[in-house]
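Biologist: I am new to this structure. Please show me how to read it.

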Amino acid sequence: MAKRLSQNDPEIVKTFTEVYRIPRQKFDQLKEPKRMAEYFRTDIKKGMIEIGYSIDWRREFTTIDHMYNRFIQWHFRWVNQHGYITKGTHPVAWCPNDKNPVGTVDTQGDIEPEIGESSLIKFRQDEIVYPTATLRPETVFGVTNLWVNQEAQYVQARVDEEQWIVSLEAVATLEHQNHKISIERELSGKELLWKTLTNPVTQAIIPILPARFVEPDNGTGIVMSVPGHAPYDYQALTELKTNPSLPDHAKAIVEKIEPISVITLEGFSQSPAVGIVKKYGITDQKDPRLAEATKDLYSNEFHNGSMNENAKPYTGQSVEQARQAIIQELTNAGKLAKLYEILNKPIICRCGTKVVVHIVDNQWFINYGDPDWKKQAHLCLDQMAILPEERRNEFNYALDWLKERACARKVGLGTRLPWDPDWIIEALSDSVIYMAYYILAKYLAKDWVSFKRFEKSPEDLPDAFFDYIFLGEGSAEAITRETRISKRIIEGIRKEFTYFYPVDMRHSAKDLVSNHLSMYIFHHTALFPRNLWPKGIVANGFVLMERAKMSKSLENIIPLRQAIAEFGADPLRIGVLSTAELNQDTDFSESIVATIQERLVNLVVQSRKLGRRRVSGKTSSSTLDRWMLSRLNSAAQTATTAMEKLRVREVINTILYNIENDTAWYQRRLGPRKKSREGRDRVLKQVFDFKARMIAPLAPHVAEEMWASLGNKGMVAKADWPEFRESLHDSAAEAAESIIRQTLDDTAEILRATGLTPKRIMYYSAALWKWRVYQKALDMAVKSQSDQGTFIRDVMSEPELRSIGKPAADFASKAIRQATQMKEELRKSRVGLELKEMNILEDAIDFFSREFKAEIQVGQEGEKRVSDPKDRARSAEPYRPAIFIE
Ligand SMILES: [Zn+2]
């Protein structure tokens with residue numbers, strides 16, 4: 001970025017001025033890489049403080065601090081001595097402009113370049129080689145022609161010891177891959193057309209034909225054509241055959257070409273490419289769906305195909321077997337060379353240059369391909385918690401996929417390789433065990449003060465010091481003798497390290513699974529004993545902006561500090577957290593943040609009001625109070641379980657919505673404030689106490705304000721998380737309130753349907769015998785004995801119920817049906833529960849009359865005390881009182 005800024009790259013200038021709002025007069029100093037890094041480090045740190053992260057800043061460090069460099073040298077010396085580093089000649093992703101290997105952190109859009117190996121098959125015209133790149137050398141038996149792009153520029157060049165024809169663009173590709181090249185002459189694609197050459201395997205004579213889909217910068221710009229098995233080739237051939245402007249000599253050549261079948265694939269014709277092009281309805285070789293059709297067919301043939309009689313001597317072999325065998329045989333015969341390509345191209349370096357594959361001689365690699373190391377890493381992963389669990393497969397894949405990886409470069413900021421100081425350790429390799437360094441950073445923070453008796457510079461600390469601190473090898477006494485650092489300090493650091501390590505939970509993002517997070521696992525298993533291996537990783541999704549990916553081109557990036565200034569820290573935090581679970585991307589929406597801001601303000605306002613009210617001594621608690629506390633308690637339980645799995649959205653829903661709704665119901669039931677003020681305030685204080693504790697990790701500033709307003713001492717951040725208390729759980733109170741709620745809803749529904757303005761409302765609780773039958777039914781259902789006939793016979797065997805006759809039998813039949821169909825949770829909560837429904841309804845008379853502005857009477861089915869002019873009482877059922885409205 002510093003380089004691009006120095007060159008006044010318009011994109012960087014625009015990003016700096018418009019997105020980050022950096023004043024132009026600062027640009028000059030930012031052209032210096034360290035100043036640039038320092039600028040963003042400071043800005044990000046301010047953002048972290050403003051949003052309220054609880055960070056121990058004594059442990060702050062950067063990866064270019066001298067002491068950190070010393071730590072990394074120790075780390076690399078250790079892995080080198082233990083055989084994890086190799087030196088060799090391997091392909092790496094490379095920026096030709098920077099002349100450096102390129103990894104995820106070096107590319108625009110943070111994309112990890114993937115390198116694939118393809119085969120260059122050498123077709124010949126006498127002594128001249130026409131190399132064609134292919135991922136499927138086994139189809140060489142089915143080649144009918146070669147393709148070139150007649151608009152492209154080609155060259156004849158001396159490549160190593162041979163004469164090759166390749167596209168002009170391929171020259172650089174080959175040079176990067178260690179071929180010695182000198183161009184002898186240039187020629188156009190047109191000049192190559194209609195020439196004939198020899199298939200090195202079948203010795204067939206084939207022509208060179210034109211195709212528009214051939215890209216000169218892909219492979220060598222020359223493509224072998226297998227129309228029987230490659231959709232692109234079949235489509236290009238079809239177009240050529242129907243091209244009216246073809247000269248006669250060309251027409252004669254093209255007409256003779258028919259697809260050659262070499263792979264048998266069940267469910268397909270002899271030439272699967274023909275069928276698949278028709279299936280997709282493709283009629284143009286530039287149709288993007290050809291890529292999809294190709295992928296589809298290649299994978300199917302690879303997994304299910306076998307070589308047929310045209311592919312002697314590989315007939316009958318699977319595609320996979322044949323491919324390996326052919327590569328081996330052609331390589332031995334000098335008919336095949338390797339070509340590496342970026343599979344997920346184009347990838348652009350941050351400097352703006354296209355990334356290529358480069359082979360560096362004597363480059364340093366970390367050997368993640370070591371099978372024993374892989375085994376260790378898998379062992380560690382298997383014991384780790386991965387959140388969300390769905391990502392575990394990506395980790396398994398990444399651990400298997402990682403191979404030798406270039407770990408050093410020639411330029412950049414970082415630590416020099418201790419045994420080869422021309423090289424600098426690159427950014428993904430020097431940051432895999434830095435979590436351990438937080439321990440040391442604290443002791444070094446105050447200008448080396450803890451180490452003042454060590455009279456040299458940090459660079460001179462001996463490896464034995466690190467061996468003791470991090471690996472427990474050697475002794476504190478020996479290090480004291482060697483460095484004069486006090487034994488107390490050395491032992492203190494070691495003690496602190498073993499206190500904090502292993503890392504319980506590493507929070508990171510999903511795009512780092514395939515590199516940083518997997519390397520983190522690898523290196524920990526290499527260096528540390530098993531008890532210090534990481535225990536868990538959280539891999540978060542991304543933050544979207546109003547459902548769109550944040551990107552410079554969409555101009556929808558809001559830097560963190562600007563968002564905090566605009567929306568406030570806590571609304572921003574909750575706004576981002578409340579829209580997604582871990583396995584999804586989260587979505588930022590201004591309107592959601594605005595609603596949340598309102599709710600948070602309300603929490604503070606109410607806490608202040610409650611804080612001013614005094615709650616004296618003890619007042620007896622009503623069923624309603626017990627209901628509120630029971631609900632609060634279940635909410636705390638739900639939030640706790642969700643928090644343990646980091647299902648934060650559920651936690652927010654519970655605190656900001658579910659408890660709010662219950663509190664609103666509680667207040668509505670109590671009515672005007674004058675009544676039962678003491679009980680109410682006591683209960684509400686308890687509710688807000690829970691809320692402040694639970695919201696503290698999510699909205700820390702609001703939580704502290706609530707906590708202090710409620711009259712608490714100290715910080716809520718240090719207060720305990722509310723505990724689920726069995727004693728607060730009250731199923732009778734919960735059942736009672738659900739009856740009131742149901743009755744309220746039923747009554748309102750009747751009023752809405754009839755349009756009545758009620759003068760008097762009568763509620764009839766079900767007769768006691770119905771309650772007895774209902775309980776019996778629940779008992780039976782719980783024991784899973786729900787045979788209706790048996791149940792009714794059993795009920796009717798009681799003399800009292802028999803004397804009621806048909807109504808008792810009818811109700812018994814209904815009750816057992818209900819009990820068996822009921823949700824298990826509800827059934828469990830009701831079985832054995834002795835409720836006095838009459839009393840519950842009577843206690844709520846005030847509430848109902850306030851709600852409906854009518855006189856309320858409560859009676860029991862079968863008792864004559866309350867009038868029942870329309871004979872409604874007999875339809876009453878347990879938990880569902882009958883209603884009559886006048
Ligand atoms: Zn570059």
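Modeller: Start with Lys-122, in strand S3, residues 115–125. Strands are DSSP runs (E, at least two residues), numbered from the N terminus. This is a predicted model: local features need pLDDT of at least 70, side-chain atom pairs count only at pLDDT 80 or more, and totals for chains, interfaces and linings use all residues. Residues are numbered from 1 along each chain as its sequence is written, and side-chain values use heavy atoms, without hydrogens or water.

Biologist: Is Lys-122 buried or exposed?

Modeller: Buried means under 20% relative accessible area, exposed over 50%, partly exposed in between (1.4 Å probe, protein chains only). Lys-122 counts as buried because its relative accessibility is 9%.

Biologist: Which side chain joins Lys-122 in a polar contact?

Modeller: A polar contact is a pair of N or O atoms within 3.5 Å; within protein, one must be able to donate a hydrogen and the other to accept it, and residues adjacent in sequence count only if both atoms are side-chain atoms. Here the partner is Glu-162, at 3.1 Å.

Biologist: What coordinates the zinc ion?

Modeller: Donors are N, O and S atoms within 2.8 Å of the metal (3.2 Å for Na, K and Ca); water is not among the atoms, so sites may look incomplete. The zinc ion has Cys-95 (SG), Asp-98 (OD), Cys-349 (SG) and Cys-351 (SG), at 2.2 Å. Cys-95 lies in strand S1 and Cys-349 in the loop between S14 (336–342) and S15, so this pair ties together parts 254 residues apart in sequence. Cys-95 and Cys-349 are both buried.

Conventions: Helices (H or I, at least four residues) and strands (E, at least two) are DSSP runs, numbered from the N terminus.
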